[in-house]
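My entries follow in the order I made them.

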Amino acid sequence: MQKSHANFKNRVDSVIKRVKWTKGKNYYFYMRNLESPSESRVKINGREMIMLGSNNYLGLTTHPEVKEAAINAVKKYGVGSGGVRILSGTYKLHEELEREIAKFKGTESAIVFNTGFITNLGTIIALVNENSVVINDEKNHASIVDGSISSRAQIRVFLHNDMKYLEKILRSYPRTQDKLIIVDSVYSMDGDIANLPEIQKLAKKYNARTMIDEAHASGVLGRTGKGAPEYFNMTGKIDIVMGTLSKAMGGLGGFIASTEDIVTYLKHVSREFIFSASLPPAIIAGNIAAIKVIRKEPHLLKQLWRNIKYIKKGLAGLGYDIGNSQSAIIPVLIRDEVKTFKMAQILDEAGIFVNPVVFPAVKESESRIRISVMASHSLADLTRALEAFKKAGKQIGLI
Ligand SMILES: Cc1ncc(COP(=O)(O)O)c(C=O)c1O
C-alpha cells in the first residue's frame with residue numbers, strides 16, 4: 001500500500017519538477033492562451049503571432065459556410081445531443097455526416113465517434129481480442145498504442161516504415177491467425193507517409209487485415225484531398241480507414257469508413273460509441289459543411305500545397321534538416337533538447353508560434369521544432385517565419 005503510494009507520489013513529483021523547470025527557464029510553450037480563432041495569425045495574450053502549430057489545415061474552422069451550418073443547427077436543435085445515439089436518438093444530421101464520409105472515403109459506410117482518439121480506442125478494442133495480433137509501426141499515434149494495449153491482443157511493433165521488418169513479423173504467424181496491421185497514413189510528428197501499397201501487398205500475402213489512421217491525411221493528401229488511398233490510387237483497398245474531423249475538417253469528431261458490416265458491428269459493439277453521448281448537432285452540421293467545402297473549393301488544397309512547398313524549400317535552403325516530410329507537418333530537427341527550447345523561445349519572441357517537441361514525445365536525439373502549414377498562410381507570413389528561423393538558427397549556431 002505504502003509502496004504504491006510512494007510510486008504515485010514519485011510520478012506526480014517528477015512531472016511537477018519538469019513543469020517547474022521549463023517554466024523557470026521560460027521554456028514552457030504549452031497551453032498558451034488563444035484569444036482568436038486558430039487561423040494563420042492568432043492573438044496570444046494580446047500579441048499577434050504567425051501560427052505554425054494548428055491542424056486547421058484548410059482554414060475550415062472559420063469558413064463562412066461551416067460557421068453558418070453550425071449556427072443554424074444550434075438555433076434548430078440547441079447545444080447538446082441529449083444522450084447516446086443507440087438509446088436517446090440519432091439525428092438525421094449524424095446519418096448525413098456518415099454518408100458524406102463514406103462518399104468522401106469511397107467506402108460502403110461510415111461511423112462517427114466523438115474524437116479521433118476515441119475512434120482508435122473504440123475500434124481497435126472492438127475488433128481484436130486476446131486471440132489476435134496487432135502489428136503497429138513504431139511511430140503510430142498514442143491512441144493506436146493505447147487501443148492496442150486495451151484490446152489485450154498480442155502487440156508486435158515494426159521499425160518505422162520498414163517493410164522487411166513487417167514481413168518478418170507477418171511470416172512468423174500462421175495464415176489462420178487473426179492479424180491486424182495498423183499505421184498512421186501520415187505520421188503526426190514527422191509528416192512522412194506510410195508505404196501503403198507495400199503494406200497492402202503484404203497483408204494480402206499473409207492474410208492480414210489493414211487499418212490506417214488518416215488524421216493528417218484527410219483533406220491534405222490525394223488529388224482531391226481524400227487522403228492516402230487516393231494519393232496511392234488504391235481507394236477501397238484498405239479494410240478500415242480511420243480519420244478525424246478535428247484537423248483539416250476544422251471541427252471535432254472521429255470516424256471509421258469501411259464496409260457496411262464492420263460499421264454495423266462497431267455501432268453495436270464498440271463501448272466508446274455506445275456508452276458516450278453523441279456529438280452535438282452544431283458540430284455535426286459544421287463537419288458536413290466542411291466536407292462539402294473541400295469538394296467545392298479545390299483551390300484550398302492547392303493553396304495548402306503551395307505553402308507546404310514554399311516553406312519546405314525555404315527551410316531546406318537555410319540548411320535545416322527537415323526529415324522526410326510529405327505533408328503539412330514539417331519537423332525542423334534540432335536533435336538537442338535545450339537548443340530546441342531555445343529555438344522555440346527566439347521564435348516566440350519574433351512572433352512565430354511553433355511547438356518544441358522533446359522527450360518523451362520523441363527520442364531526445366530527435367528533438368525538434370514541429371510546424372504545420374495552413375492554406376490560409378500568406379507567402380508574406382511564411383517569409384517572415386523563414387526570416388525568424390534564419391535568425392534563430394544563426395543565434396544558436398545551428399545553421
Ligand atoms: C495520427 C493521429 N491520430 C489520432 C489523433 C486524435 O485525433 P483527435 O484530436 O481528433 O482526437 C491525432 C491527434 O493528434 C493524431 O495525430
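**Helix 14 on helix 15.** I looked up which residues touch here: Lys-339, Lys-342, Met-343, Ile-346 and Leu-347 in helix 14 meet Ala-388, Ala-392, Gln-395 and Ile-396 in helix 15. By class, this contact of helix 14 with helix 15 has six nonpolar, one polar and two charged residues. I count two residues as in contact if their C-beta atoms, placed from the backbone, lie within 7 Å. Ala, Val, Leu, Ile, Met, Phe, Trp, Tyr, Cys and Pro count as nonpolar, Asp, Glu, Lys and Arg as charged, and the others, Gly among them, as polar. Helices (H or I, at least four residues) and strands (E, at least two) are DSSP runs, numbered from the N terminus.

I note that the model is predicted: local features need pLDDT of at least 70, side-chain atom pairs count only at pLDDT 80 or more, and totals for chains, interfaces and linings use all residues. Residues are numbered from 1 along each chain as its sequence is written.

Helix 14 covers residues 337–349 and helix 15 covers residues 379–396; they pack at an angle of about 140°, with their axes 9 Å apart. That angle makes helix 14 oblique to helix 15. Axes are lines fitted to C-alpha atoms, for helices over the stretch in contact, and angles run from 0 to 180 degrees between N-to-C directions. Under 35 degrees counts as roughly parallel, over 145 as roughly antiparallel, 65 to 115 as roughly perpendicular and the rest as oblique. Helix 14 passes helix 15 in a right-handed crossing. A crossing is left-handed if the near helix is turned anticlockwise from the far one by less than a right angle, and right-handed if clockwise.

**Helix 13 on helix 15.** I then checked helix 13 (residues 299–318), which packs with helix 15 at an angle of about 20°, the axes being 10 Å apart. This makes helix 13 roughly parallel to helix 15. On the helix 13 side the contact is made by Asn-307, Tyr-310, Ile-311, Gly-314, Leu-315 and Leu-318, and on the helix 15 side by Leu-379, Leu-382, Leu-386, Phe-389, Lys-390 and Gly-393. I sorted the residues of this contact into eight nonpolar, three polar and one charged. The crossing of helix 13 and helix 15 is right-handed.

**The sheet beside helix 15.** I found three strands in an open sheet, in the order 1-2-11, with mixed pairing. Strand 1 and strand 11 (352–353) are the edge strands, each pairing on one side only. Helix 15 packs on this sheet and touches strand 1, strand 2 and strand 11; its direction makes about 90° with that of strand 2. Strand 1 (residues 41–44) and strand 2 (residues 47–51) pair in the antiparallel sense over four bridges. I take two strands as paired if DSSP finds at least two bridges between them. Lys-43 stands opposite Glu-48 in strand 2, and Ile-44 stands opposite Arg-47. The two strands form a hairpin with two residues between them, and Asn-45 in the turn has a positive phi of about 45°.

Most residues other than glycine have a negative phi, and most peptide bonds are trans. Met-31 is not a glycine, yet has a positive phi of about 50°. I located Met-31 in the loop between helix 1 (2–24) and strand 1. The peptide bond from Phe-359 to Pro-360 is cis, with omega near 10°. Pro-360 lies in the loop between strand 12 (355–357) and strand 13 (368–372).

Strand 3 pairs with strand 9 (residues 254–258) in the antiparallel sense over five bridges, and Val-112 has Phe-255 as its bridge partner in strand 9.
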